[in-house]
Structure formats: C-alpha cells, structure tokens
Amino acid sequence: MKSYEVNFDGLVGPTHNYGGLSYGNVASQSNSQQSSNPKEAALQGLAKMKALMDMGFQQGVLAPQERPDVAALRRLGFAGSDAQVIERAAKEAMPLLVASCSASSMWVANAATVSPSADTADGRVHFTAANLNCKYHRSIEHPTTSRVLGAMFADQQHFAHHAALPAVAQFGDEGAANHTRFCRVYGEAGVEFFVYGRSAFDSRYPAPQKYPARQTLEASQAVARLHGLREEGVVYAQQNPSVIDQGVFHNDVIAVGNGEVLFYHEDAFLETDKMLAELSSKLAKVGGKFQSVCVPRSAVTVDDAVRSYLFNSQLLSRPDGSMLLIVPEECRSNERVWQYLQSLTGAGGVIREVKVFDLKQSMQNGGGPACLRLRVALNETELAAVNPGVIMTAPLYDSLTQWVERHYRDRMTENDLADPQLLLECRGALDELTQILKLGAVYPFQIN
Ligand code: SUG
C-alpha cells in the first residue's frame, strides 16, 4: 500500500504579534514590541503550503486558535463582559493580555507528537497533544489543539488521541519539535527518536544553566508508552545543554531527520556516537540503512544555526530517493550557511536541492519552516479517512487566501490587542474558517 508523509501547516492566526514571550528563544526576545503584520504572516505560510502542494507533496492545514483567549483571562480572575475582561487585563496586567493574544499555535511542530500506525501496538496513528508547560502563553493551547486534531482525524478505527501530559514542568512536553522518525518507507515500521533537554526525576543528567530545557526525558518516555511503541523502535538522546543555553530551545533548531537520514549539527547532542550507533542498529532491524549528515562547527557555528534556522528546515523525499531542503530566507543571507548549503548540494550526497522561502513574520518569533508543520505519516487508507476539508487543494488555497485578505489586519502592536473590536473580528473570522475547513464547532466561543 502507498504511504505518505503529510505536512499539516499551522495557519497563522489574526492576532500574530511580537510579545517577547519566550525566554530562551532569541528571536522572540529580540523582536519584542516590534509591530507585526498578521496578514503578511498568514500569506507567507499559505504560499509555502501551496508551493509544496504544487511540487507534488501531500499538504494539509491546521486551524489557528481563538485569541484573545478570554476564557483564560477569566480563569486568572478578570471578570465582566468579554470587552470588560479585555479592558481590565489591559489596564491591570498587560503581559497577561499579550500572552492570551499570542498566535503561537501557528508553530504546530509543537502541537502534538504523532506516531504512525506501523509503529504502534494497536496499529492506529497515535496523537498526544503537547502540554507546552514551559510558557504560559503556549500552555493554554492544548485543549483547543485536541479538539482541532479530533475534528481532523476523527475516525477512531484509524486514529487514537491522548490528552496532554500532566501540566507540570517535570512532564514538560513540546511535541514533535523534539521527535523525529526514521524509516525506510513511511508506511513500514520505523525508529522514533525522542530528544530531551533534561531529566526531571534523575539528577545525574546534566541540565542547561541559563535557559530552560523545555522537554523532559520522562515526558518523552510517557508519550512512547501512551503510543504503544516497542523498545526496539525507540531511541532517546539528550540535547547538549550548552546549545540550549545558546538559544536552541527545541531539537528542531539544531537537527532534522527524514526517511533514513539525520541532518544535524556537530554540537547538537550528548554522546553522539553512541546515539548514532543505536539509531543505525535499530533502523537496520526494520530494514533501513541509517545515514547521518553532520554539519561541523568549523563550517557553521551554533550561533549561525540559531540565527539562520538552517536546521529548522523541512527535509523532504523526492520520488528518485534524493532529498530536498526547504529553508528560510535567513539561510541565504548568512554567508557561511549559504556557502555550506552550496557545497552540500554540490557534493552528490542525498540532499540535492535547497528551496528558499520568505517566512520572516514567523521567523521573527523564532518559527521557521519546520516549526510551522506537523508531520503525519499515513498510508492510503488512513489518508482517505482524514477530514477532507483540511487537505490543501488549489481551491482551498484560494478560499483561505481570500479569507485572510478579508479578515486580517496588516499591522498589529500591543495597543491593538486591547481593542475589544479585535475579539469580535477574530471570532467572526474563525467562525467562517471552521466552515471552510469543515471542522464543526472547535472553539470555546462556539461550544460554550
Ligand atoms: O515556543 N515562539 C515559539 C516558537 C516555536 C518554534 N517552534 C519550534 N522550534 N518547533 C516558542 O518559543 C514567541 C511568541 C512571542 O514572543 O510573541 C513564541 O512563542
């Protein structure tokens, strides 16, 4: 049976802004308080989805969340009408209003961890929504994420959904941003690779000194158990704590894998050789031939990687078995990174082509091409069971583009977030979106 990697991209929501909310994420911190352009952000994302679809890849779309999140503000004690809740939060606790307005759900690599049916004990595709416990503005995403994923992958014969892990830092889980799957063919059993930043229950593991390690070993292990993965099909590795302290807040900022290939930076992991050997032997047991492409620090420094987002790229398989790398524009403007990419694609290895996309609006908050997509490997039968409303087509691209043009503002600053009109605008837009994507009622304003 045919199988595919389907990329579901997060549609950027209408409140996209630079709140400076993510300590440890260099871009988010350094662009804090700049004015943003939500319309441009959404169109840049849609252009990437369309381009991949046009290249022949399976592409889907994941809806944004209801923001401002008035219900979250109410839980923090702001009361009255919706307009009063926003007004009071703006007056008394602006940072909380900003957090409740973040469009951060666009980075759907953090929405969930997904295990394809060939890896799981019950032969279904398993999803665990990420608790995103490290940052308040992200920790409020998972209830709606679960409803949206449930509406996209509704068929219980093929899809199993798990609630987010307990909402404490010890089980901090950031989803697919720290999870990669290696396989020979998408529809066959593979090896799932979980990368964690620290252990919450075992003090022998080192930890970063400056910035938080968002993913714990215990969270990764819990996800593997929930999904029914075999021990032989799982590899755990620790991220190098010193790169977390240099701004590598997720593994997908320093490594990316696809098929039988891992593309990674020399400084990405601890005990790299041991980890590579385990990946290689476990992949061999399911018929795969592991291949690693290491980028030496002499060619690209960790700082270059963090600034250019070289590794936050999408590594995609082409029909002839070679691979294509989708990188952000920032890779072309970094001389060393661009030079490295020229030599990589010219060397006759597996990665043959690079395509550049302008995703500046998202990049300025620390979200590159790979952050914007959630990969779901599906066989033909499973793909047919996905809600067809969320699969990208030329007409869907047109409707979404027009929808963005109609509803999005082209400039947003902190002051705009305090405007109660924004809430009405967003709800109107999202109500229409759920009809376009045939999701049914998924947002708090639609179900309460
Ligand atoms: O969680 N930025 C996101 C970026 C997530 C990128 N995802 C992956 N690497 N997979 C984060 O730090 C910034 C929001 C703000 O500052 O307005 C933010 O949430």
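Let me begin with terms: strands are DSSP runs of E with at least two residues, and helices are runs of H or I with at least four, both numbered from the N terminus, and two strands pair if DSSP finds at least two bridges between them. This is a predicted model, where local features need pLDDT of at least 70 and side-chain atom pairs count only at 80 or more, while totals for chains, interfaces and linings use all residues. Residues are numbered from 1 along each chain as its sequence is written, and side-chain values use heavy atoms, leaving out hydrogens and water.

With that in hand, Tyr196 stands opposite Gln238 in β8, and β7, residues 191–196, pairs with β8 in the parallel sense over five bridges. Three strands form an open sheet with mixed pairing, in the order β6-β7-β8. Because β6 (179–182) and β8 (234–238) stand at the edges with a single partner strand each, one side of each is left without a neighbour in the sheet.

Now look at Glu192, which lies in β7. Is Glu192 buried or exposed? Glu192 is buried, meaning under 20% relative accessible area with a 1.4 Å probe, protein chains only.

Technical notes: Buried means under 20% relative accessible area, exposed over 50%, partly exposed in between (1.4 Å probe, protein chains only). Lys and Arg count as positive and Asp and Glu as negative; His and the chain ends are not counted. A salt bridge is a side-chain nitrogen of Lys or Arg within 4 Å of a carboxyl oxygen of Asp or Glu.
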